[in-house]
Amino acid sequence: MFKKSNISNIRFFFKLNKNLNFDIITWHKTNPAPLANMTYLNDTEYCINFRETGCTIKGDLDQKKKYYITSLNKSDKDLFYHPTIKPIHIIKNLIINGSKENDIVLDCFMGSGTTAVACQETNRQFIGFEISEKWCKVANDRLNKVDANGQQCMFLR
Ligand SMILES: C[S@@+](CC[C@H](N)C(=O)[O-])C[C@H]1O[C@@H](n2cnc3c(N)ncnc32)[C@H](O)[C@@H]1O
C-alpha cells in the first residue's frame, strides 16, 4: 500500500510496459492523523492489483471489494510499534484474492510482518525482505507470537 504520489510511476511500469490488467484498491482510514494545515486529510492509502489476462480474483464477494473503510491498526501498533502497520484483515483478503494455498507470497517491505502472519493464517508460504534489523526481529518474533516487548501470547496475530 502506498501514497497517491506513487500511483503514476507504478501504473506506468506495469500497465504500459507489460500491458497487465489492473485495479486500484483503497483503504480509507476512519481515524487519520488530524492536520492543522489547509490540505485534505491523509486518510487514504492505495494498492494496485496487476494481473495477466485470464488471472482470476479468487475470494468471495466480500473479499473482492475494492475499498476498505476501517480505522488505523491501533491495537497491533501498540503491540508491535511499527508506525505504518497495516490491518491484517485487508492483507489477508489481498492474499486470498491473489493466490492459492501453498503459493509463495513475496513482501519486499515487511515491516512488522503483517504479510507474513497473514500468510501463516491462510496457509501460504512466505518470503520477506526488511532493511531494518529492528523490524526484522519484530516480524520474526510476531510469527512466533511474541510482541515487541518480548511477551509471549497465543492470541497475537
Ligand atoms: C510501509 S512499511 C511496511 C509495513 C508492514 N506492511 C506492516 O504491516 O508492518 C515499509 C517497510 O519497508 C522497509 N524498507 C524500506 N526500504 C527497504 C528496502 N530497500 N529493503 C527492504 N525493506 C525496506 C522499512 O524499514 C519499513 O519497515
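I began with α3 and α4: α3 passes α4 in a right-handed crossing. Right-handed here means that the near helix is turned clockwise from the far one by less than a right angle, and left-handed means anticlockwise. Helices (H or I, at least four residues) and strands (E, at least two) are DSSP runs, numbered from the N terminus. The axes of α3 and α4 come within 9 Å and cross at roughly 60°. That makes α3 oblique to α4. I noted the cut-offs: under 35 degrees is roughly parallel, over 145 roughly antiparallel, 65 to 115 roughly perpendicular, and the rest oblique. Axes are lines fitted to C-alpha atoms, for helices over the stretch in contact, with angles from 0 to 180 degrees between N-to-C directions.

Next I took α4 (residues 114–122) with α5 (residues 133–143). They pack at about 20°, and their axes lie 9 Å apart. So α4 is roughly parallel to α5. Their crossing is right-handed.

**Ground rules**

This is a predicted model: local features need pLDDT of at least 70, side-chain atom pairs count only at pLDDT 80 or more, and totals for chains, interfaces and linings use all residues. Residues are numbered from 1 along each chain as its sequence is written.

**Helix α1**

I checked the length of α1 (residues 7–18). Its 12 residues should span 16 Å at 1.5 Å a residue, and the end C-alpha atoms are 16 Å apart, so the two agree. The expected span is 1.5 Å times one less than the number of residues. How many of its 12 residues are buried? The count is zero, so α1 is hardly covered under the cut-offs: buried is 20 or more other C-beta atoms within 10 Å of a residue's own, exposed is 12 or fewer, partly exposed is in between, and C-beta atoms are placed from the backbone. Just after α1, Asn 19 takes a positive phi of about 55°.

I looked at Tyr 81 next. Its phi is near 70°, positive in a residue other than glycine. Tyr 81 sits in the loop between α2 (74–80) and α3 (88–98). With 15 other C-beta atoms within 10 Å, Tyr 81 is partly exposed.

Asn 102 is not a glycine either, yet its phi is positive at about 75°. I found Asn 102 in the loop between α3 and β4 (104–107). Asn 102 has 8 other C-beta atoms within 10 Å and is exposed.

**Ligand shell**

What surrounds the ligand? I get 14 residues, the closest being Phe 109, Gly 111, Ser 112, Thr 114 and Ile 131. A residue is near if its C-beta atom, placed from the backbone, lies within 6 Å. The shell has six nonpolar, six polar and two charged residues. Nonpolar covers Ala, Val, Leu, Ile, Met, Phe, Trp, Tyr, Cys and Pro; charged covers Asp, Glu, Lys and Arg; the others, Gly among them, are polar.

**Single residues**

Is Cys 153 buried or exposed? Cys 153 counts as exposed, with 10 C-beta neighbours inside 10 Å. Cys 153 falls in the segment after α5.

Pro 32 lies in the loop between β1 (21–29) and β2 (44–51). Pro 32 and Asn 42 are 10 residues apart along the chain, and their C-alpha atoms are separated by 6.3 Å.

I placed Lys 64 in the loop between β2 and β3 (67–70). Lys 64 is partly exposed, with 13 other C-beta atoms within 10 Å.
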